[in-house]
Amino acid sequence: LNMGNGFNIFDFSFPNAQTGYICGYGGLFKKTTNGGINWIDLSFPTTQFNLNAVNFFNANTGLISSDSDTLYRTINGTNNWADRISLGFQALDFHFIDSLTGFAAGLNRLAKTTNGGLNWTVSTISSTGQIFFNNQNTGWTIANITAGSNILKTTNSGLSWQNQHSTSDFRIVYDIFFLDEN
């Protein structure tokens, strides 16, 4: 689809088949209510920052992250962004298990929420900012190493991580997804 925006899209979230959101370079933020046929350019809080990641739990409640280490939260379908949460790092990816429990990943940081993104517990891990969880305990992230990548796995909700696989010869892993725990 031709979005007609001229800016890079960094992330998208579709809470249902008709309603979806995209975010990206230079504060790009758009919404569709007809499955992506048409997109509405939303008036987002004044920012020159990139919007890196977006996650909507339903058509009204969602989070978006910016380069300014800030998360914005709406509960009324983007009519306003009442909650501005300082995360302390740039979140580059979200993964939520349900509407309360979720993870945000950034460069060498990981944060976990258990109240829908209002409060976060931040930890330091080697990460490129991509994360995926199958359930509340089991998840993966990617860490860049010299000339390659490590795939890291947790089985205790991000408290500790074990290296599962390494690449070399500049074979870089950019994203990760698992169908189940194996």
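Q: What does contact mean when Thr114 is said to be in contact with other residues?

A: Contact means that heavy atoms lie within 4.5 Å. In this predicted model, Thr114 is in contact with Leu100, Thr101 and Asn119, once its neighbours within four places in sequence are left aside.

Q: Where does Thr114 lie, and is Thr114 buried or exposed?

A: Thr114 belongs to the loop between β11 (109–113) and β12 (121–123). Exposed means over 50% relative accessible area; Thr114, at 52% relative accessibility, therefore counts as exposed.

Q: Where is Thr61 placed, and why does Thr61 count as buried or exposed?

A: Thr61 is found in the loop between β5 and β6 (62–66). The cut-off for buried is under 20% relative accessible area. Thr61 has 16% relative accessibility and so counts as buried. Leaving aside neighbours within four places in sequence, the residues in contact with Thr61 are Phe56, Arg73, Thr74 and Ile75.

Q: How is the open sheet of 4 strands to be read, and what is the order of its strands?

A: Two strands pair if at least two bridges are found between them. Here the order is β1-β2-β3-β4, with antiparallel pairing. The edges are held by β1 and β4 (40–41); each has a single partner strand, so one side of each is left without a neighbour in the sheet.

Q: How many bridges does each pairing have, and which residues stand opposite one another?

A: β1 and β2 (residues 20–24) pair over 4 bridges, and Phe12 has Ile22 of β2 as its bridge partner. The pairing of β2 with β3 also runs over 4 bridges; there, Ile22 stands opposite Lys30 in β3. β3 and β4 pair over 2 bridges, and the bridge partner of Lys30 in β4 is Asp41.

Q: What is found between β2 and β3, and which residues cover the faces of β3?

A: The hairpin of β2 and β3 has 4 residues between the strands, and Gly26 in this hairpin takes a positive phi near 65 degrees. Strand β3 (residues 29–32) is covered on both faces: Phe29 and Lys31 are buried on one side, as are Lys30 and Thr32 on the other.

Q: Which strands supply the lining of the largest pocket, and what is its make-up?

A: At least two residues each come from β1 (9–13), β5 (51–56), β9 (93–96) and β13 (131–133). The largest share, 4 residues, is that of β9. By type, the lining residues divide into 10 nonpolar, 4 polar and 3 charged.

Note on methods: Residues numbered from 1 in each chain as written. Predicted model: local features only at pLDDT ≥ 70, side-chain atom pairs only at ≥ 80, totals over all residues. Heavy atoms only, no water. Nonpolar A, V, L, I, M, F, W, Y, C, P; charged D, E, K, R; others polar. Buried < 20%, exposed > 50% of the residue type's maximum accessible area, 1.4 Å probe, protein only.
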